[in-house]
Amino acid sequence: MARVVMEHVYKKFPNGVLAVNDANLEIKDKEFVVFVGPSGCGKTTSLRMIAGLEEISEGNIYIGDKLVNNMPPKDRDIAMVFQNYALYPHMDVYNNMAFGLKLRKYPKAEIDRRVKAAAKILGIEALLDRKPKALSGGQRQRVALGRAIVREPKVFLMDEPLSNLDAKLRVQMRAELAKLHNRLKVTTIYVTHDQVEAMTMGDRIVVMKDGVIQQVGTPLDIYDYPNNIFVAGFLGTPPMNFLDGVLKEENGKIYVDFNSFKFFVPEGRFKNIRAYVGKEIVCGIRPEHINDVEFVPDFVEEDTFVAEVDVTELMGAETYLYVTCGGHSLTARVDSHTRAQDGEPIKLVINPEKMHFFDKQTEKAIL
Amino acid sequence: MSRTNLQVDEVLQKRIQIKTSSPKRLAMLFVEIVMCALAFIFLFPALLTLVNSFKSHPEIVMNPFALPTKLQLSNYANAWRETNFPVVLANTFLITLGSTIGIVLVSSMAAYVLVRFKWKISWVIFLLFTFSMVVPFQAIMVPLFANAKSLNLLTILGIIPIYIGLGCPLAIFMYHGFIKGVPLEIEESAAIDGASMFRRFFQVVFPLLTPITATVAILNVLWIWNDFLLPLLIIPGQTLQLAQYKFIGQFRQDYALAMASLVLSASPIVLFYLIMQKYIIKGISAGAVKG
């Protein structure tokens, strides 16, 4: 088992694109870390650099205590699961899983033992003599995982391994991957663009954008305390509402003025935010922190506002309300028994403790 | 049960309707007639050769379209002896097999490197190969002969590298297109598994190239087996096709032996086609999709 360290890692492609820009990260032994971000953010390039499939332009990568900058992939003691599984189509499942061990000249009995043990873990014992084309997407995914497991590597690298599966199977495999990690306790680096996967699977999440690591932390930390507008907007479904307003102080109270309505800032946060009084800021509030007043027993009148409902979306356990207030569009996640009607006004209440404030210029969080 | 039967009936009725709808049926009939006519035009010379191979020379001269009055099986025995059939057959077989294996190996490896190493020189080399396809053989015939002579290649084995050189451009072109469609991740996965570049190519990539390899092999077998001009320059009289030349010349015209010899020489390649036709069609269609 091993830790993985990236030290000032850069990747510049020959066409001039800077895919990874000064990445610094330490992944602890046995940790499950998820790289998440939109397409082209550099997450897959980072993974490929760790795998040795992409040369690094600058910086150092360590696996265990070894500097692996110039080490070929086969010597890094890693196993990788690809998005499209990358199974060898002309080999049956057994040989797909045994291929890496055969190349490393393991004894036949040991290969057989490992392949069968991995097949048992993944529930694919009955498929060992089948070719990949005779398998379903989920089964192929298991074989790809099996191929990684049999090697008993120091680090698992997974490049969007669930994105080719249908939604139901993805949820099922997500749980199985998490179980597998708990069982094997191998350092795992997982790349995805799906924030739900990131939130549910990772011990820690690395959020990336334009080649830059935006924030590293536990899922809840990142969700509750996003570093900047990008991270705040990227995690969470529906995404966080962002409202441009001016911070004002009156009669010892600080509030964000949105012209037709205002949100009061809780006193506990005055210290950090006072410097922005009189300036434009961005106020962020998650949909679950805006509720229908009917379902909030204790609320303060100054935390309420009236908005017009544009669309209601019943999700079963809750309802999403898409509302407009003073030219600002907001999404609220309210109780599914709300009486809100499209085109009708509704009185909503916010949880001021859960408001986020961002510097309009730097887009960084005002903590 | 009855409901299922009813559904089956409906489907069958629809099919019958499609079959019997008159404009479509007429169109199909027309296509079938044209195809039959084309098949006859293509098969007629072969049929004529087969029929005449059992006739005597005077019989052929009198009426080439008539059926034989008596089966002249001696034509085959004489043609076999005069052409030294086992020897020329073995020569042709050796040349065809050696050249085809060489073309498949060299061009698949070359195309792999040209596709996977995206250097500027790769593109230049690929273009050079492509350009060489448009140079007619007649244009290089004389210098090729001179070079082959100076390199002592005017032998049965010496013609093999010449065929490999001439056959590679088209084969590289075909492999190049196909290899581009092989997912890179499969090779990367093999690299992580510990495979060297050669092992990656021969154990992972090459088996995936089977459809295009079949196409390349078949095209080259047909070309090399039937080739006349290059062996005539390099090894006169020593291949199956050159042996046919024996019966039609300035001082001799023996159509009976010529026809029997032609049937003998064509039969291995026809047999090859009949055995391989499933793979030929599969290979050509796979090549068309991927290439």
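## Helices α6 and α8 of chain B

In this predicted model, helix α6 (residues 120-132) and helix α8 (residues 159-180) of chain B have axes that come within 8 Å and cross at roughly 130°. The two helices are therefore oblique to each other, a class left over once angles under 35 degrees (roughly parallel), over 145 (roughly antiparallel) and 65 to 115 (roughly perpendicular) are set aside. Axes are lines fitted to C-alpha atoms, for helices over the stretch in contact, with angles from 0 to 180 degrees between N-to-C directions. Helices are DSSP runs of H or I with at least four residues, numbered from the N terminus.

From α6(B), the contact (heavy atoms within 4.5 Å) involves B:F126, B:F129, B:T130 and B:S132, and from α8(B) it involves B:P169, B:I172, B:F173 and B:H176.

## Interface of chains A and B

Chain A gives 23 residues to the contact and chain B gives 16 residues. About 1,600 Å² is buried between the two chains, 63% of it on carbon and sulfur atoms. Buried area is the accessible area (1.4 Å probe) lost when two parts are put together, summed over both. A:Y88, A:H90 and A:L103 supply 30% of the area that chain A buries against chain B, more than any other three residues.

The rule finds 2 salt bridges across this interface, each a side-chain nitrogen of Lys or Arg within 4 Å of a carboxyl oxygen of Asp or Glu. B:D193 forms a salt bridge with A:R151, with the closest N and O atoms 3.4 Å apart.

## Basis

Residues are numbered from 1 along each chain as its sequence is written, and chains are lettered from A and ligands numbered from 1 in the order in which they are written. Local features need pLDDT of at least 70, side-chain atom pairs count only at pLDDT 80 or more, and totals for chains, interfaces and linings use all residues, while side-chain values use heavy atoms, leaving out hydrogens and water.
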